[in-house]
Amino acid sequence: MQKTLPPAFGHGGKASAPDGRNRSNLEGRMIKVPVKKEESTAKRRSRGRPKKAVTRSISLVVRITPTERLLIAGRAREAGIRISDWFRQAARSATVMPRLSKEEATYLRTLSGMANNLNQLTKLAHTAGLVSLLADLRKLLNMTEKLMERIGNNDR
């Protein structure tokens with residue numbers, strides 16, 4: 001958009017311009033002067049780094065030993081990324097397995113009770129003699145092997 005101005009400029013007289021123009025030659029003509037467009041505030045450039053779409057504003061504190069720190073730092077260095085990025089990727093790709101199911105916990109309690117019985121039988125074998133306890137020990141050993149097979153079948 002251009003704005004037109006009347007030719008009334010200069011000092012009132014017929015001052016001569018270097019190219020032969022003077023006030024008398026310019027009267028009646030309109031001079032077009034370009035006008036700056038108004039800038040909208042929405043298109044205004046902001047300074048600095050552009051804002052990220054997703055910001056990481058929550059921190060998670062994890063306590064680790066110095067040895068674990070060295071191990072993690074080494075793995076992050078091998079991957080060529082920062083430790084925090086390594087943790088994020090590991091958290092996204094990790095699969096978490098439950099510690100023990102109810103059935104497995106029952107097996108372990110049974111196995112613990114059997115281990116206690118075995119210790120008692122061993123103590124009795126030292127005092128009374130090994131031959132008298134041989135049948136009980138075989139039975140307990142077979143039960144232990146069966147439980148270990150069940151637990152081993154559910155191995156992750």
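The legends below describe an overview and several close-up views of a predicted model.

**Figure 1. Overview of the fold of the predicted model.** The protein has 156 residues, and buried residues make up 10% of them. Its secondary structure comprises 5 helices and 2 strands. Along the sequence these elements are arranged as β-α-β-α-α-α-α. Contacts between residues at least 6 apart in sequence include 48% that join residues at least 24 apart. The accessible surface amounts to about 14,900 Å², with 55% of this area belonging to carbon and sulfur atoms.

Figure 2. As background, nonpolar side chains in soluble globular proteins tend to be buried together.

Figure 3. Which residues does Tyr107 contact, leaving aside its neighbours within four places in sequence? The partners are Leu147, Arg150 and Ile151.

**Figure 4. Aromatic pair of Trp86 and Phe87.** The count of aromatic pairs in the model is 1. The pair consists of Trp86 and Phe87, with ring centres 5.6 Å apart and planes at 80 degrees to each other. The geometry is edge-to-face because an angle over 60 degrees between the planes falls in that class. Are these two residues buried or partly exposed? Trp86 is buried, since its relative accessibility is 19% and the limit for buried is under 20%. Phe87, with a relative accessible area of 34%, is partly exposed.

**Figure 5. Salt bridges around Asp85.** The model has 2 salt bridges by the count used here. In one of them Asp85 pairs with Arg82, and the closest N and O atoms are 3.2 Å apart. In the other, the side chains of Arg88 and Asp85 meet with an N to O distance of 2.5 Å. Arg88 and Asp85 both belong to helix α3 (residues 83-93) and are 3 residues apart, about one turn of the helix. Through shared partners, the salt bridges join Arg82, Asp85 and Arg88 into one network. In general, side chains of opposite charge can pair when their charged atoms come close.

**Figure 6. Accessibility of the residues in the salt-bridge network of Arg82, Asp85 and Arg88.** Which class of accessibility does Arg82 fall into? Arg82 is exposed, because its relative accessibility is 56% and the class begins over 50%. Asp85 is partly exposed at 22% relative accessibility. Arg88 is likewise partly exposed, with a relative accessible area of 26%.

**Figure 7. Nonpolar surface patch of Leu60, Val62 and Ile64.** Together these three residues have about 310 Å² of accessible area. Where does Ile64 lie? Ile64 is in the loop between β2 (31-34) and α2 (66-79). With a relative accessibility of 35%, Ile64 counts as partly exposed.

Technical notes. Residues are numbered from 1 along each chain as its sequence is written. This is a predicted model: local features need pLDDT of at least 70, side-chain atom pairs count only at pLDDT 80 or more; totals for chains, interfaces and linings use all residues. Side-chain values use heavy atoms; hydrogens and water are left out. Rings of Phe, Tyr and Trp (its six-membered ring) pair if their centres lie within 6.5 Å; planes under 30 degrees apart count as stacked, over 60 as edge-to-face and the rest as tilted. Buried means under 20% relative accessible area, exposed over 50%, partly exposed in between (1.4 Å probe, protein chains only). Contact means heavy atoms within 4.5 Å. Helices (H or I, at least four residues) and strands (E, at least two) are DSSP runs, numbered from the N terminus. Accessible areas come from the Shrake-Rupley method with a 1.4 Å probe; for residues, only the protein chains shown count as cover. Patches are made of residues with over 30% relative accessible area and no salt bridge: like charges are joined within 9 Å, nonpolar side chains (Val, Leu, Ile, Met, Phe, Trp, Tyr) within 5 Å. A salt bridge is a side-chain nitrogen of Lys or Arg within 4 Å of a carboxyl oxygen of Asp or Glu.
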